[in-house]
Amino acid sequence: MSTQLQDSLSIPTSTDISTDIDTELPDNISRRRFLITSIASGAGLTLGMYLSGCERNPDSTLDSKNDSTQEATKATPLPGAAEESALSDKPVLLFEPNAFIRIDSANKVTVIIKHLEMGQGTYTGLATLVAEELDAAWEQIRVESAPADASKYNNLFWGPRQGTGGSTAMANSFTQMRKAGATARYMLVAAAAKKWQVPVDQITVDSGMLEHAASGKSTTFADIAALAANEVVPEEVFLKDPEDYKLIGKPLQRMDSRDKVFAKAIFTQDVKLPGLLTAAVARPPRFGALVKSVDGSQAKTVKGVAAVVSFDGGVAVLADNYWSALQGINKLKIEWDESKAFMLSSSDILADYRKLAENPGAIARQDGDVEKALKGAKQTLSADFEFPYLAHATMEPLNCVVRINSQGCEIWNGDQSQTADQHAVAKLLGLQPMQVKINTLYAGGSFGRRGNPLSDYVLEAVKITKAYGKDNVPVKMIWSRENDMQAGYYRPMYFHRIRAGVDKKGKPVAWSQRIVGQSILSVFGEGMIKDGIDPTSVEGASNMPYAIPNLRVDLHSPKLPVPVQWWRSVGSTHTAFSVETMIDALAALTQQDPVQYRRSLLEKEPRHLAVLNLAAEKSGWGTVLPANRARGVALHKSFNTYVAHVAEVSLNDDNSYRVDKVVIAVDCGLPVNPDVIKAQMEGGMGFGLATVFSSEITFNKGVAEQSNFHDYVVLRMNQMPEVEVFIVPSTESPTGVGEPSTPVIAPAVANALSTLTGKRYFHLPIKHV
Amino acid sequence: MIQLRINNQTHSLDVDPQMPLLWVLRDVLGLTGTKFGCGLSLCGACTVHLDGKPIRSCATPVSTVQGKHIETIEVVNSASAKAIQQAWLKLEVVQCGFCQSGQQMSAIALLTENKNPDDFAINAAMSGNICRCNTYARIRSAIKEAAKSLS
């Protein structure tokens with residue numbers, strides 16, 4: 001386990017990531033010396049590597065007279081290096097009460113975070129939990145990403161698996177991290193009580209200081225930490241009453257803001273290691289295409305190219321820089337065997353889905369007698385919904401650094417599923433899982449993609465490295481945007497057929513919803529599919545909150561060779577749209593206000609009602625808007641979090657439309673950091689909004705028609721609405737906020753458009769009104 | 001040999017004249033603050049300053065910028081740059097952070113040229129920078145905040 005004790009954010013924010021520091025040293029003095037040596041030498045090596053390609057200029061600030069240690073310090077400053085005096089004052093680890101907390105001689109508290117920071121704020125949220133119960137000062141908190149070790153860092157909702165997803169980080173960590181902080185506090189206080197010869201209950205802890213008021217004695221954490229390390233770890237600790245929270249509930253500054261603003265944050269793309277080669281990849285043009293032959297002779301003539309390697313899945317060119325590798329790729333002559341490749345077009349798939357929808361599927365929910373109720377309904381409404389494949393299109397194209405040597409395999413990656421990746425890599429290389437070390441870096445976005453159940457891009461990087469075959473030479477695989485966009489693992493295409501009926505009062509009495517789409521979970525094997533139902537295909541529909549007495553949801557799960565995967569909010573990405581636009585359509589059928597209509601169907605759902613009412617109130621629902629402008633509402637619960645959107649949409653003279661403003665209400669239980677929550681509501685909304693305007697992956701004879709941002713069109717600044725977020729006060733345990741806003745915007749916008757145009761919208765994206 | 005002036009240092013580099021500035025910065029000079037996002041100047045992650053103006057370095061062959069004054073995110077420190085950075089922190093703009101070097105470079109160039117940009121000016125200057133975390137509302141507010149702090 002790495003114990004780098006950098007001052008600020010400790011997941012590599014400097015180039016010194018090549019050195020692993022042994023924690024088994026016998027005494028503090030040896031460790032301190034070892035720390036100094038290793039940090040200096042590691043940085044020195046890295047500096048040497050990247051300087052090798054260019055000539056020094058006399059004007060350069062890198063003075064060749066200085067030794068490499070000094071050069072390393074100048075050229076690649078460790079974050080916060082300005083705050084630390086000299087290398088000889090490197091902090092010493094003093095107290096490590098559990099897997100999550102370290103306190104050092106510089107009085108810093110390093111919180112070990114088991115979840116991936118992909119922008120959703122988990123480093124900040126989880127560190128806050130520790131800081132609160134520890135009664136630390138927020139300024140003394142640092143974070144470090146946890147090593148891959150499910151025995152200590154598993155997601156408590158996932159059994160023996162470490163990983164991030166399903167908006168579970170805060171929920172599964174809420175008690176665990178608070179307990180970790182409280183445990184450390186208990187031991188610090190116990191040590192101080194012994195030292196000061198005072199009762200434990202007379203010692204207060206506040207903002208990183210322990211005090212005994214009566215005697216005036218006080219101490220920092222650092223000054224009592226060594227003694228605390230001798231204390232017995234308590235079995236039980238008391239946690240604070242929420243009334244006493246000082247940090248939880250406050251909009252504390254994010255742990256990663258400074259590093260990301262000042263460009264100190266290291267992403268996988270930025271990793272530097274001695275001898276590193278970069279690999280560009282030629283990937284199959286169609287799913288199921290295989291390499292028949294490769295002529296790499298021209299590629300090898302490109303300056304900087306070290307090798308052309310074939311692997312199971314394509315061909316890679318390795319070079320000392322990415323661009324040369326890419327030039328090599330462009331000079332490869334590859335013959336692909338497409339005899340077994342996927343050849344369908346989106347229109348073919350849709351036609352098949354329509355056919356399947358003619359017949360009943362596996363039942364996901366069945367209340368009452370839907371067919372009878374439909375026959376007896378006063379009015380009925382039918383609609384067919386079409387949803388395209390969607391790419392995650394993270395800002396950082398997927399990439400991964402791999403180094404294989406006699407000790408095993410080391411990986412640098414914005415890793416979302418450490419245990420799965422560890423096991424997949426171990427299996428491929430014939431290693432034990434714990435011989436696969438994963439350095440989890442920041443992710444330049446994920447939206448679910450990095451948690452690929454087959455460890456696709458990680459394994460690809462390992463395969464390339466193994467095929468290259470040079471022991472201890474690290475390889476950085478960088479996917480181009482085209483590689484990334486066309487690699488698959490999309491949000492599946494879906495087709496819904498809904499038939500609904502209302503009684504003479506306009507109340508829905510029957511709802512039949514048939515869903516057709518590839519099963520995401522079948523990649524794990526049929527064990528995840530119970531009675532033919534993949535829950536991720538029907539969530540949001542099969543558990544809709546509306547009181548409809550005759551309700552049936554059934555499902556067809558056709559198999560296609562297009563790889564599919566969860567995409568921010570998963571099943572809700574399509575079910576929220578069809579359910580919320582259909583409910584609106586039923587309201588309109590009987591001239592009822594959409595908000596009031598929903599209220600009447602949610603009498604047993606107080607948390608749904610609360611967000612609906614809050615959004616309606618704050619958006620001025622029912623008040624007059626300018627001509628050509630209308631409001632639309634949508635409400636959806638996903639991952640145990642309740643979200644309502646009211647979107648204000650304008651219709652332009654040329655029939656284009658814009659979303660002017662979105663008011664969001666959210667109930668996510670106890671709000672740990674209100675500003676992070678707001679940011680996730682805003683950003684999640686924007687992510688979903690792109691799917692209304694433009695985003696789609698379409699296939700033409702097996703080839704994805706989109707390859708970069710000119711044709712996979714995502715949201716830009718000029719399309720972002722004004723947004724206001726309101727958080728429902730709650731003392732329930734916190735639930736996730738990474739995903740729940742995303743599915744709500746599309747139906748809210750569609751419903752507003754319907755008010756403007758009188759038409760209903762059943763296909764996404766809505767390119768024309 | 002290609003002569004480049006980057007962050008007030010001159011470099012004489014034996015690189016292909018067609019090599020995009022982005023990769024010279026990242027792979028040859030080790031300046032990894034400027035990011036690769038698309039390679040076709042569609043996303044803005046690679047934005048740097050050329051004589052103070054924002055350019056997409058992924059689509060700029062180094063032969064075309066010899067001798068010109070290039071600045072990257074690592075060194076920006078004009079009044080506009082500091083205002084942007086402080087506003088970014090104050091308003092908690094960042095999420096994953098990957099696009100933010102490019103966003104800031106575009107925003108700094110905007111503020112340098114336009115002391116009080118309105119929404120139209122912000123849209124024009126910033127719509128070339130994609131943010132998949134969609135932190136656009138905060139970027140907009142932060143630009144306005146930075147402008148205010150400079151006035």
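How many residues of chain A and of chain B take part in the contact? The contact takes 65 residues from chain A and 55 residues from chain B, where contact means heavy atoms within 4.5 Å.

This is a predicted model, in which local features need pLDDT of at least 70 and side-chain atom pairs count only at pLDDT 80 or more, while totals for chains, interfaces and linings use all residues. Residues are numbered from 1 along each chain as its sequence is written, chains are lettered from A and ligands numbered from 1 in the order in which they are written, and side-chain values use heavy atoms, with hydrogens and water left out.

**View 1. The area buried between chain A and chain B.** The size of an interface is often given as the accessible area lost when the parts come together. Here chain A and chain B bury about 5100 Å² between them, with 57% of it on carbon and sulfur atoms. Buried area is the accessible area (1.4 Å probe) that two parts lose on being put together, summed over both. On the side of chain A, the residues that lose the most area to chain B are A:W323, A:M395 and A:M717, together 18% of what that side buries.

View 2. Five salt bridges are counted between chain A and chain B. A salt bridge is a side-chain nitrogen of Lys or Arg within 4 Å of a carboxyl oxygen of Asp or Glu. One of these pairs is A:E682 with B:R138, at 2.9 Å from N to O. Between chain A and chain B, 26 residue pairs are in polar contact, both residues at pLDDT 80 or more. A polar contact is a pair of N or O atoms within 3.5 Å; within protein, one must be able to donate a hydrogen and the other to accept it, and residues adjacent in sequence count only if both atoms are side-chain atoms.

**View 3. The side of chain A that touches chain B.** At least two residues of this side come from each of α7 (257-261), α8 (322-330), α13 (481-485) and α18 (674-693) of chain A. Helices (H or I, at least four residues) and strands (E, at least two) are DSSP runs, numbered from the N terminus. The largest share, nine residues, comes from α18(A). By type, the residues of this side divide into 29 nonpolar, 20 polar and 16 charged. Ala, Val, Leu, Ile, Met, Phe, Trp, Tyr, Cys and Pro count as nonpolar, Asp, Glu, Lys and Arg as charged, and the others, Gly among them, as polar.

**View 4. Helix α11 of chain A and what covers it.** Helix α11 (residues 418-429) has twelve residues and reaches 16 Å from its first C-alpha to its last, close to the 16 Å expected at 1.5 Å a residue. The expected span is 1.5 Å times one less than the number of residues. Among the buried residues of α11(A) are A:D421, A:A424, A:V425 and A:L429. Buried means under 20% relative accessible area, exposed over 50%, and partly exposed in between (1.4 Å probe, protein chains only). The cover over the buried residues of α11(A) includes β15 (399-405), β16 (408-413) and α12 (456-468) of chain A. After α11(A) comes A:G430, whose phi is positive, near 70°.

**View 5. Salt bridges around A:K240.** A:K240 pairs with A:E132, the closest N and O atoms being 2.5 Å apart. A:E132 lies in helix α3 (residues 122-134) and A:K240 in the loop between α6 (221-228) and α7 of chain A, so the pair ties together parts that are 108 residues apart in sequence. A:E132 counts as buried at 1% relative accessibility, and A:K240 at 16%. A:K240 also forms a salt bridge with A:D135, at 2.9 Å between the closest N and O atoms. A:E132, A:D135, A:R185, A:D206, A:K240 and A:K246 are linked in a network of salt bridges.

**View 6. A salt bridge between two strands.** The side chains of A:R629 and A:E648 meet at 2.7 Å, N to O. A:R629 lies in strand β22 (residues 629-638) and A:E648 in strand β23 (residues 641-651) of chain A, so the pair ties together parts 19 residues apart in sequence. A:R629 is partly exposed, at 27% relative accessible area, whereas A:E648 is buried, at 8%.

**View 7. The surroundings of A:S519.** A:S519 is in the loop between β20 (508-517) and α14 (535-538) of chain A. A polar atom of the A:S519 side chain lies 3.0 Å from the backbone nitrogen of A:S522.
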